[in-house]
Amino acid sequence: MRNSTSIHAGSMADIAFLMLIFFLTTTTINTDEGLDQTLPEDCKTEDCAAKLLERNIFEIHLNNQGTCLIQNKISSKEELANQLIDFVENQSGSTIAPENPAEAVIRLEVSRTNSYKDYVSIMDEIKTAYLQMRTQYSQEKFSKNFNDLNAIERKLVLKQYPLQLSEATK
């Protein structure tokens with residue numbers, strides 16, 4: 001009597017299928033992340049136009065050559081954070097800056113031909129400035145870093161220093 005040397009492969013397909021299902025269900029797929037932006041809420045009243053005092057608006061213009069105008073003066077992107085902090089904090093009590101940091105609004109106007117790199121660098125400077133102000137305020141008020149605050153404390157800091165951004169393209 002002779003022994004068979006072939007292997008029955010009928011169950012191999014079942015095993016491969018089960019392994020495929022296992023790996024598909026347990027593997028996480030990294031998704032691309034965009035910019036962390038909060039969209040404004042829908043208007044629930046008839047008149048949705050908010051009237052802003054000119055003194056509360058901090059203007060940033062980025063033209064198609066990459067030149068940055070901050071408050072209608074040519075400046076470098078690296079100076080933006082310090083100028084924004086000076087404007088929002090208004091330590092000198094200037095009449096061309098907001099009385100309260102919560103009233104400050106940043107108007108960002110970017111040319112459609114600008115690269116995303118230029119836009120992201122401006123947004124990074126704005127968020128860096130606000131993080132510095134929020135961290136300083138949380139140190140003064142709670143003796144903690146902004147990242148170490150609990151939900152209630154964080155909400156109070158964000159109420160004092162909200163990032164109110166108006167974006168436009170030209």
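What is the order of the five strands in the open sheet, and what kind of pairing does the sheet have? In this predicted model, the order of the open sheet is 3-2-1-4-5 and its pairing is mixed. Helix 2 lies across strand 1, strand 2, strand 3 and strand 4, while helix 3 lies across strand 1, strand 2, strand 4 and strand 5. Helix 3 also packs with helix 2 and with helix 4.

- Strand 1 (residues 57–62) and strand 4 (residues 105–110) run parallel and are joined by six bridges.
- Within this pairing, Ile57 stands opposite Val105 of strand 4, and Leu62 stands opposite Val110 of strand 4.
- Strand 4 and strand 5 likewise run parallel, with five bridges joining them.
- Glu109 has Ala168 in strand 5 as its bridge partner.
- Strand 4 is mostly covered, since five of its six residues are buried.

**Helices across the sheet**

- Helix 2 runs at about 160 degrees to strand 1, and strand 2 (68–70) is among the other strands that it lies across.
- Helix 3 runs at about 170 degrees to strand 4, and strand 5 is among the other strands that it lies across.

**Burial of helix 2**

- How many of the 10 residues of helix 2 are buried? Seven are, so helix 2 is largely enclosed by the rest of the structure.
- The buried residues are Leu80, Ala81, Leu84, Ile85, Phe87, Val88 and Glu89.
- These buried residues pack against strand 1, strand 2, strand 4 and helix 3.

**Helix 2 with helix 3**

- Helix 2 (residues 80–89) packs with helix 3 at an angle of about 45 degrees, and the two axes are 8 Å apart.
- The two helices are therefore oblique to each other.
- The crossing in which helix 2 passes helix 3 is right-handed.
- On the helix 2 side, the contact involves Leu80, Ala81, Leu84, Ile85, Val88 and Glu89; on the helix 3 side, it involves Ile122, Glu125, Ile126, Ala129, Tyr130, Gln132 and Met133.
- By class, this contact of helix 2 with helix 3 comprises 10 nonpolar residues, one polar residue and two charged residues.

**Helix 3 with helix 4**

- Helix 3 (residues 116–142) and helix 4 (residues 151–160) pack at an angle of about 125 degrees, with 10 Å between their axes.
- That angle makes helix 3 oblique to helix 4.
- Helix 3 passes helix 4 in a crossing that is right-handed.
- Arg134, Tyr137, Ser138 and Phe142 of helix 3 meet Glu153, Leu156, Val157, Leu158 and Gln160 of helix 4.
- Five nonpolar, two polar and two charged residues make up the contact of helix 3 with helix 4.

**Loop residues with positive phi**

- Asn90 follows helix 2 and is placed in the loop between helix 2 and strand 4.
- Phi of Asn90 is near 50 degrees, a positive value in a residue other than glycine.
- Is Asn90 buried or exposed? Its relative accessibility is 11%, and Asn90 therefore counts as buried, the cut-off being under 20%.
- Ser143 is placed in the loop between helix 3 and helix 4.
- Ser143, another residue other than glycine, has a positive phi near 60 degrees.
- With 60% relative accessibility, Ser143 counts as exposed, because that class begins over 50%.

Notes. Residues are numbered from 1 along each chain as its sequence is written. This is a predicted model: local features need pLDDT of at least 70, side-chain atom pairs count only at pLDDT 80 or more; totals for chains, interfaces and linings use all residues. Side-chain values use heavy atoms; hydrogens and water are left out. Axes are lines fitted to C-alpha atoms, for helices over the stretch in contact, and angles run from 0 to 180 degrees between N-to-C directions. Helices (H or I, at least four residues) and strands (E, at least two) are DSSP runs, numbered from the N terminus. Angles under 35 degrees count as roughly parallel, over 145 as roughly antiparallel, 65 to 115 as roughly perpendicular and the rest as oblique. A crossing is left-handed if the near helix is turned anticlockwise from the far one by less than a right angle, and right-handed if clockwise. Contact means heavy atoms within 4.5 Å. Ala, Val, Leu, Ile, Met, Phe, Trp, Tyr, Cys and Pro count as nonpolar, Asp, Glu, Lys and Arg as charged, and the others, Gly among them, as polar. Two strands pair if DSSP finds at least two bridges between them. Buried means under 20% relative accessible area, exposed over 50%, partly exposed in between (1.4 Å probe, protein chains only).
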